[in-house]
Amino acid sequence: MNNKSIMKAFLFPTLLHITAVAVLVGILKEKGYGLGYHSFWGMVFIIIGGVSSAFWGVFYQIKYNGKNPLCIIKDFFKIKQPFKIYAMAIVFLIIDFCSVAISKGFKIENVWISIALFFKAILFGGIEEIGWRYSFQPCLEKKLSYIVATVITFVCWGVWHFLFFFIDGSIVTVDVLNFSLGLFTNCFILSALFAYSNSLWICVMTHALINTLSQINFHDNVIIGNASKVICIVVAILLVHATKKAKYSLMKDDNASTGG
């Protein structure tokens with residue numbers, strides 16, 4: 001299995017899929033149709049475009065990794081994970097959102113609404129992890145370094161997001177620079193967690209929590225926020241390096257014990 005397989009079975013069809021939906025939405029908007037979240041057909045297009053990375057991630061896993069859909073669903077909801085893995089995810093979230101906490105920028109009017117936002121974020125966000133962290137980046141890392149693979153994933157995931165923002169109508173309100181910086185940081189956080197845990201669920205959960213916390217904050221300290229992003233990226237790189245080093249040492253010990 002090589003990088004051509006992930007391009008052919010996941011990246012190209014994913015981007016073609018969401019681009020086709022975006023073009024159709026653009027044509028309908030030009031003809032005067034009202035789309036977006038308040039329209040039935042708008043929601044249909046949002047769902048069809050939004051599932052593109054997950055759909056082709058599943059396709060890739062079935063075609064090239066021999067996984068069946070039930071196995072992928074089990075990985076998606078495999079909540080039972082070692083405590084240290086959850087702890088690592090929490091550490092990243094604390095660093096990432098410490099500037100909001102320091103600024104007292106969280107607005108939680110109703111706990112149940114926040115919980116509902118989290119479950120919504122699993123479906124409208126976490127599901128993307130089937131494609132990007134579960135399928136795309138691990139394949140890239142077979143040939144490329146972790147940092148290079150993460151940057152490539154960021155670029156592709158970023159293109160995907162802006163096409164999606166056009167589909168759901170939020171493109172006009174997106175702060176491109178801040179969103180891109182956040183997405184770049186999230187690429188490092190999520191890919192490091194997958195390398196550390198080999199768990200799709202941990203990435204799904206963390207992605208959903210990042211989306212939820214982003215929706216309930218109204219104030220952020222820009223300087224501390226940017227410093228936090230840098231720290232997250234550095235911690236992610238160090239975590240992946242330590243994880244790969246530990247796996248290599250374990251493999252070396254196993255070979256020595258078996259005489260290989």
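This is a chat about the fold of one predicted protein chain and a few of its residues.

Reader: Before we start, what kind of model is this, and how are residues numbered?

Author: This is a predicted model, in which local features need pLDDT of at least 70 and side-chain atom pairs count only at pLDDT 80 or more, while totals for chains, interfaces and linings use all residues. Residues are numbered from 1 along each chain as its sequence is written, and side-chain values use heavy atoms, with hydrogens and water left out.

Reader: OK, how many helices and strands does the protein chain have?

Author: The protein chain has 11 helices and 0 strands, where helices (H or I, at least four residues) and strands (E, at least two) are DSSP runs numbered from the N terminus. The radius of gyration, taken over C-alpha atoms, is 19 Å, close to the 18 Å that the globule rule (2.2 Å times the number of residues to the power 0.38) gives for 260 residues, so the chain is as compact as a globular protein of that length.

Reader: And what share of the residues is buried?

Author: Buried residues make up 46% of the 260 residues, with buried meaning under 20% relative accessible area, exposed over 50%, and partly exposed in between (1.4 Å probe, protein chains only).

Reader: Switching topic, where is R133, and is it buried or exposed?

Author: R133 is found in helix α7, which covers residues 129–140, and at 1% relative accessibility R133 counts as buried.

Reader: Which side chain does it make a polar contact with?

Author: The R133 side chain makes a polar contact with the side chain of E129 at 2.7 Å; a polar contact is a pair of N or O atoms within 3.5 Å, where within protein one must be able to donate a hydrogen and the other to accept it, and residues adjacent in sequence count only if both atoms are side-chain atoms. Leaving aside residues up to four places away in sequence, R133 touches several others, including W157, C187 and F194, a contact being heavy atoms within 4.5 Å.

Reader: What about S199, where does that sit and what does it touch?

Author: S199 is in the loop between α9 (176–197) and α10 (200–215), and it touches Q81 and F194, again not counting residues up to four places away in sequence. The side chains of S199 and Q81 make a polar contact at 3.2 Å, and S199 counts as buried, at 3% relative accessibility.

Reader: Then N198, buried or exposed?

Author: N198 lies in the loop between α9 and α10 and is exposed, with a relative accessible area of 58%. N198 also has a positive phi of about 55 degrees although it is not a glycine. Most residues other than glycine have a negative phi.
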